[in-house]
Amino acid sequence: MSADGQVHVRMRTVFNRRSVHGGLLAAAVAGSLLLGAVGCSGDEDKDGLPKDYKVVAGTQLCGGNAISADASKALKVITGSSRFEASSKDYTVAQAAADLAMASSGSGDEDACRIFTPIGTPSFQLRIRWALQDGAPTGASAPKFTVLKMGERAVAAADTAIVFFKCRSDKLIGSSGEAHVVIEVEHWAMPREPEGNIKALKNAYATVAHSFSLAMAKELRCDKNGGLPPKPVLDPA
């Protein structure tokens, strides 16, 4: 956390201690795209791909149980693909929950899962990240975001969605049994105007963010699943 009380996520100032969404700024910088999300054994098949390279359905990403059937359909709206590179064993909802459980308030900017379209298809990368906030979100959302009634708050835009929820759990070692969790799903690319049906994209990003957030809440054994509904709420708050 910086001296001014802001928690920084790689592509954006996501929230401020006093005004959570007033600080949502588009200051995106592109990270270099990785070849794939799976480990490379050094052995290649006849196509030049690692022998352990796999392409899977959306529901199999992020260690399983993180991307629901609805979220998998939403990934197709976002990326145009229904198949994806298999997630690395380092990027699972279980591992992310374990890391979060040991963290203290103000920690974050941690990748929970990376989603890639398969090699040989149009390139698209999503990052799912977690952070911990000192308290519940306050303040107004930036104009591009639609506020949704999920958890403490949820917001969605045509290239990102963020879910905030409060977790009480005996698994939270570093935060006295209580934490304010933030999950962000974001298109990892050079900044540009989103193309397509903006409302459909917002709904899709919100659906994926809800799915991963709910999976995290369950993995952490949050009381009442962190107040998250079993299905995403897409109507504006």
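**Strand E6.** I started with E6, residues 125-133, in this predicted model. Nine of its nine residues come out buried, so the strand is largely enclosed by the rest of the structure. I then checked the two faces. Side chains in a regular strand alternate between the two faces of the sheet. On one side of E6 I listed Gln125, Arg127, Arg129, Ala131 and Gln133, on the other Leu126, Ile128, Trp130 and Leu132, and both sets are buried.

**Neighbours of E6.** Which strands pair with E6? I found E5 (residues 108-116), antiparallel and joined to E6 by seven bridges. There, Gly108 sits opposite Ala131. I also found E10 (residues 178-187), again antiparallel, with eight bridges to E6. Val181 in E10 is the bridge partner of Leu132.

**Salt bridges.** My search of the whole structure gave nine. One of them is Arg129 to Glu184, with the closest N and O atoms 2.9 Å apart. That pair ties E6 to E10 across 55 residues of chain, and both partners are buried. Arg114 and Asp111 also come to 2.9 Å between closest N and O atoms, and both are buried too. I noted that Asp111, Arg114 and Arg127 form a salt-bridge network.

Next I looked at Glu178 and Arg168, which meet at 3.1 Å, N to O. This one connects E10 with E9 (residues 160-168). Buried or exposed? Glu178 has 31% relative accessible area, so I logged it as partly exposed, and Arg168 is partly exposed at 44%.

**Ser87.** Last stop was the loop between E4 (83-85) and H2 (93-101), where Ser87 sits. Its relative accessible area is 19%, under the 20% cut-off, so Ser87 counts as buried. The Ser87 side chain reaches the backbone nitrogen of Cys62 at 2.8 Å.

Key. Residues numbered from 1 in each chain as written. Predicted model: local features only at pLDDT ≥ 70, side-chain atom pairs only at ≥ 80, totals over all residues. Heavy atoms only, no water. Helix = DSSP H or I, 4+ residues; strand = E, 2+ residues; numbered from the N terminus. Buried < 20%, exposed > 50% of the residue type's maximum accessible area, 1.4 Å probe, protein only. Polar contact = N/O pair within 3.5 Å; in protein donor to acceptor, adjacent residues only side chain to side chain. Pairing = 2+ DSSP bridges. Salt bridge = Lys/Arg side-chain N within 4 Å of Asp/Glu carboxyl O.
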